[in-house]
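Let's take a friendly walk through this structure, with an eye on how its chains meet. Have the 3D view ready as you read.

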Number of protein chains: 6
Amino acid sequence: MRENKMRTTLLAGGEVITGWLAIPATVSAELMAKLGFDAITIDLQHGAIDYTDMLPMLQAISTSDATPMVRAPWNDPSIIGRILDAGAYGVICPMINTRADAEAFVRACRYAPVGQRSAGPLRASLYGGPDYIKMANETIMTFAMIETVEGLENLEDILKTPGLDAIFVGPSDLSLAMGGPAGFDPRKPEVYEAIRFIAAKTKEAGVIPGIHTGSVQYAQEMRELGYQFMAYLSDFRMLQNTVARALPVFRSGKPDNFAP
Amino acid sequence: MRENKMRTTLLAGGEVITGWLAIPATVSAELMAKLGFDAITIDLQHGAIDYTDMLPMLQAISTSDATPMVRAPWNDPSIIGRILDAGAYGVICPMINTRADAEAFVRACRYAPVGQRSAGPLRASLYGGPDYIKMANETIMTFAMIETVEGLENLEDILKTPGLDAIFVGPSDLSLAMGGPAGFDPRKPEVYEAIRFIAAKTKEAGVIPGIHTGSVQYAQEMRELGYQFMAYLSDFRMLQNTVARALPVFRSGKPDNFAP
Amino acid sequence: MRENKMRTTLLAGGEVITGWLAIPATVSAELMAKLGFDAITIDLQHGAIDYTDMLPMLQAISTSDATPMVRAPWNDPSIIGRILDAGAYGVICPMINTRADAEAFVRACRYAPVGQRSAGPLRASLYGGPDYIKMANETIMTFAMIETVEGLENLEDILKTPGLDAIFVGPSDLSLAMGGPAGFDPRKPEVYEAIRFIAAKTKEAGVIPGIHTGSVQYAQEMRELGYQFMAYLSDFRMLQNTVARALPVFRSGKPDNFAP
Amino acid sequence: MRENKMRTTLLAGGEVITGWLAIPATVSAELMAKLGFDAITIDLQHGAIDYTDMLPMLQAISTSDATPMVRAPWNDPSIIGRILDAGAYGVICPMINTRADAEAFVRACRYAPVGQRSAGPLRASLYGGPDYIKMANETIMTFAMIETVEGLENLEDILKTPGLDAIFVGPSDLSLAMGGPAGFDPRKPEVYEAIRFIAAKTKEAGVIPGIHTGSVQYAQEMRELGYQFMAYLSDFRMLQNTVARALPVFRSGKPDNFAP
Amino acid sequence: MRENKMRTTLLAGGEVITGWLAIPATVSAELMAKLGFDAITIDLQHGAIDYTDMLPMLQAISTSDATPMVRAPWNDPSIIGRILDAGAYGVICPMINTRADAEAFVRACRYAPVGQRSAGPLRASLYGGPDYIKMANETIMTFAMIETVEGLENLEDILKTPGLDAIFVGPSDLSLAMGGPAGFDPRKPEVYEAIRFIAAKTKEAGVIPGIHTGSVQYAQEMRELGYQFMAYLSDFRMLQNTVARALPVFRSGKPDNFAP
Amino acid sequence: MRENKMRTTLLAGGEVITGWLAIPATVSAELMAKLGFDAITIDLQHGAIDYTDMLPMLQAISTSDATPMVRAPWNDPSIIGRILDAGAYGVICPMINTRADAEAFVRACRYAPVGQRSAGPLRASLYGGPDYIKMANETIMTFAMIETVEGLENLEDILKTPGLDAIFVGPSDLSLAMGGPAGFDPRKPEVYEAIRFIAAKTKEAGVIPGIHTGSVQYAQEMRELGYQFMAYLSDFRMLQNTVARALPVFRSGKPDNFAP
């Protein structure tokens, strides 16, 4: 089975940066995949992307070396199975609030006897290879999102879930849940402390800590807290931020460092 | 019929900046349309976009005040008619090399007795209003691309075409045709001189000069040459340039002015 | 955040009539949206429409002043979240049979601390505006469908659910459940009485009563019962009824009032 | 090869009424096909429909007995070949202005030695049967549109084109070309006279006269002029007219004959 | 309502062979449907097919006499309702492990008073006819998949579920669950014995036994065990197996019985 | 720029076998691309595939080492440019009947100063690399189809076209044009002789001869005539032939060498 390079890097203590796709188009997916990210994540939860779009986007990503990942819309074994059959090598699952949630998620990602994923890896075996079913349980990575107070409180229990590979903090939801504003890179002290706590506990448990970030500065702080897996904005936000900043410069006629 | 704001601005001597869409997705189309461009152009020639994608993208653009435009894939009355029926208020036509080309293009954009556009403005009358057929000839704008040596040589003749509203320079093809490199913002002196010449002759003929630009600096020079209509990169190039520049900063952990 | 005009009208005691979309096409969606309905509802339950079709249909509706609504396929927080992120200003949820069902539905529609909707309003903030997350809880309307005997029995309890804005009667299912025939505008006395009862109790609870109707006559009776929100057939049924009636007239060659 | 029922009817002197599809959806296509029309025409010229939508729409129509037809976007052998390969049993070609136009159109519809259609009837042989290539030249019907003054003037010459089966008047374009208003059912005397003339000459030449109509009254007049093939509005116009008329009745609460 | 020919055959003791679709295309769906299978099953679980693709594929199948079936992605009333509304005459439901699972599945397939399917058979009534709602409960067939040890253990209880028409063995998952390899046509003795046991108990209960097979040999053995309903590979596997075997022959230049 | 492996092989005197795609699906495209063909050709002429489907299919093919090719629907510079911008490394052009046809085709495939292809290789530079525009003229292969008597007569002149890399015989059309039956592998002596003649003249001119074949036997004969490039049936025909042959065996219960 084709190696999961992201897994190899993470297990060796390295850092993985994932691009994030919210635009349902294969051409932007391939563009992003070839710009140097270690992994590319298709967002089925908040992205404007459904299964029908996801499948060819995974194929577009597979023209590159970036590891293909998908954020599931929900902790639902039906769509998780289909995401994996389509060839994702990592799944990020939202709203893991309890140990039972985490176990259900992992069960949906693993074949028997470990889990209950149904066998039928149509495209996955084109991408992974003919020994896919034998090797998948040890190749595919599982990322549980911690983004509620309940999830935070149950973190240590969640981290004991066999087969759970990584934690992915949803900073915007976590902040909202803790009384802060929505948005990337929360600065409210309790939220920041929670983010620090998650990294520490996760590493302690031998699990990979991950988080979604919106700036270089915040990412650097996260790196220092021990986060090894980081998502950086999204195709949509990159485009939005860039045009919002460059268009007034264009109108002004005075080139600057941002928009030369 | 709904006003063509772009036309009003241009006829009043104002400047129009168009966003440029190469990614076949409605959500990025709506995003671009709401970021402050005066017009948004869907590129059916070099964009990864076909009619099937274009129609809902025009609808997405119509949620904003930006004037909807389309670059036709070719000087072909069949697709030009369908672009207009879908509600475009401006059409950019590639490869106008002769007066006959320009006349054929204009004919495809105008109803009888001026032209030969066939009547059936399905979505166009939803967007433009019930008097669409009566008013379309005076509302829709026609942009002829000058991008070959032949087109350049025939420019003055082309500019005499009744009903031709604007010229749009394809700088990359023009440069290639004149022995320069492909790409935005050509600096080869003969090409630059041709671009200057086009602006001058076009304004002289009472036609609007337009050009596709890749930087603020070049656009400013074009503005000074008299260009009133400018396209600024594209969604695809914006995304590509931004990620290419921001991702290394992200990895470095050292925020800068470009990627804070 | 952009106003929810439908909500304003309903809270002021006014009437809202919604068009209903079952055909998965953006051009018929825009047509319907521009014909004068107060709201347009995309039906993901019984319409031939999935998420992939819904997103550009919501954009097409957003070219008009009609309030965009979606009927969810099921009381499932995953798809409800995605419907809202796509920019719906109202959600109709089928099969609300208990107070717990209603609470789960409302929770899926509201951000913390009121509910558990996950933050990531990609297109919703393009449509609603940059303060979307702050204002959404008070802007988005929730409609619970009463269409089973169990739902009817639990109505008064359901109506106490905080954050539930409206009731939407599914007359066909309710009739079927009570031993009547399927179809719009049920006349079986027990069903009619139930529909009367729902209106009365709903208004009493300060909640908006709504119903799907198939004729002007029945709608007028519903209006007199107190229904403030009414759906009128669907694009599919309108087309079906019209052609079924007009085609024989066309063949006969004898124009009449219906088909002149 | 499956019989072309429309052809059989027309050659026997009977009348064929075609439904007209402008909405790109398979479910409305199947609905229309099952409502009793003799034929169903997918409009690739002014409908919001491209090849990608057309193929499954032809399949949807094939669930009924209605003869599947397509209006080509243009007199272009490339798309005409693809329309036929997809299983259309009749093609309506716009803008036939000269005998040469008509000959090119017929050539694109017929296999050698009669024409130059390229062999490869992928879906057409699923629909028509394994002897498709042998029988297609005598089964597929060709409809030339007369909709310009030039076409009108060349009518008698056009009618001599071997292999041309029928004429289809485009009343809106013809009226516009003759100085009348656009729209169905032109009443300007010169236009009406031209429409009468076309029917007469066409029948005289042993060719089938056809026209697009917008009302029962006008259709009846056309029938009396000898028109055997008639299109009746379109799905889009049916829906538009019906809602425009029924919605105010719905609001008024006073049912009438149109909207009970 | 249109007869369910598959049901008639099975109830008369006959055999039904279903083609299996994993490729999301209508043209291969129509091809498969016209090659002589008794039924055609669209696989929403492991096929690369979502609702959006399924609907026109069901229409394509409806151009033939093959009975249209769908394998649901999961035992979820939301998607099961939409599958049926789209016109499927049989539903195969994965992962039926308990009597409660089976009852929930059947409930999702039947209208009140037997079940809780919501009424709104948009395309289903185009396919089935205007009396669809009245007749559907007795026409649509339900197939429960037995593919886990738990399902096997609860088989006799599951078989007592009123309204359950058939069992469909998932041999690959069952084998995996019992410690064997994944893949069609399991030979591990315990698995084979389980498959024999399922047939015997199912027939005993008056329910139809079905299974997915990968070869003529295995299918013949299944037939002898009493299986009446058999799926034969899939479009994807047929294509894969054929090319894998024929291409080397093609390269060798030595035609053989397989690739002449 | 990424090497064109097919070109390297052909120029070294080797043989290239291409898979042929008529089914519009990315998952079958990826499957075919990974089964060992040297090249994969997407058929926009007779396949059920349009631009919108082609783009992600080219991406799916790009996950393999097979060289991506497209058959254009027509000798039309508009679609040829878009095929190349989407990343095809070879284009097969139908209906090349004269030297002028061949020159127009080559011109559409080459950038200035050799040809008139417009610059804007959106996806092509993702696939080919950043030096795409510089290297494309020497990397992309052009295949002219000879499939009419006129083309056959003009063969020697066509072969002199600078920049024409290969000839691709359309055996079915050629046979039909010469009075034989349609279909692969024509045996009519005059047609066979023409096919022999084409190979001989093409090789003599230093151009690569290619042909579409339907069987191993015929392909071997073609190989002996000097054909270096061969297409082998298509995904659609492979599936059709296999099921047509295997299903009766499956029903019979008697496995054989073809269907074990």
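The notes below go from chain contacts to helix packing and then to the nonpolar core.

## Which chains touch

Please keep in mind that this is a predicted model.

Chain A and chain D have no contact, and their closest C-alpha atoms lie 16 Å apart. Chains B and E are also not joined by any contact, with 16 Å between their closest C-alpha atoms.

## Helix packing between E and F

Now turn to chains E and F, where helix H2 (residues 26–33) of chain E packs with helix H13 (residues 235–252) of chain F. Their axes are 10 Å apart, at an angle of about 20 degrees. Because angles under 35 degrees count as roughly parallel, H2(E) is roughly parallel to H13(F). The crossing of H2(E) and H13(F) is right-handed.

Which residues make this contact? From H2(E) come E:Ser28, E:Leu31 and E:Met32, and from H13(F) come F:Phe236, F:Leu239, F:Gln240 and F:Val243. Sorted by type, the contact of H2(E) with H13(F) has 5 nonpolar residues, 2 polar and no charged.

## Helix packing between B and C

In chains B and C, helix H3 (residues 51–61) of chain B packs with helix H2 (residues 26–33) of chain C at an angle of about 30 degrees, the axes being 10 Å apart. That angle makes H3(B) roughly parallel to H2(C).

Here B:Leu55, B:Pro56 and B:Gln59 of H3(B) meet C:Thr26, C:Val27 and C:Glu30 of H2(C). The residues of this contact divide into 3 nonpolar, 2 polar and 1 charged.

## The nonpolar core

In soluble globular proteins, nonpolar side chains tend to be buried together. The largest nonpolar core in this model has 613 residues. Those with the most contacts inside this core are A:Ala144, B:Ala144, C:Ala144, D:Ala144, E:Ala144 and F:Ala144.

What does E:Ala144 touch, not counting residues up to four places away in sequence? The partners of E:Ala144 are E:Cys93, E:Ile96, E:Ala102, E:Phe105, E:Ile158, E:Leu164, E:Ile167 and E:Phe168.

Methods. Residues numbered from 1 in each chain as written. Chains lettered and ligands numbered in written order. Predicted model: local features only at pLDDT ≥ 70, side-chain atom pairs only at ≥ 80, totals over all residues. Axes fitted to C-alpha atoms, helices over the stretch in contact; angles between N-to-C directions. Helix = DSSP H or I, 4+ residues; strand = E, 2+ residues; numbered from the N terminus. Parallel < 35°, antiparallel > 145°, perpendicular 65-115°, else oblique. Left-handed = near helix turned anticlockwise from the far one by under 90°. Contact = placed C-beta atoms within 7 Å. Nonpolar A, V, L, I, M, F, W, Y, C, P; charged D, E, K, R; others polar. Core = buried A, V, L, I, M, F, W, Y, C linked by C-beta atoms within 7 Å. Buried ≥ 20, exposed ≤ 12 C-beta atoms within 10 Å, placed from the backbone.
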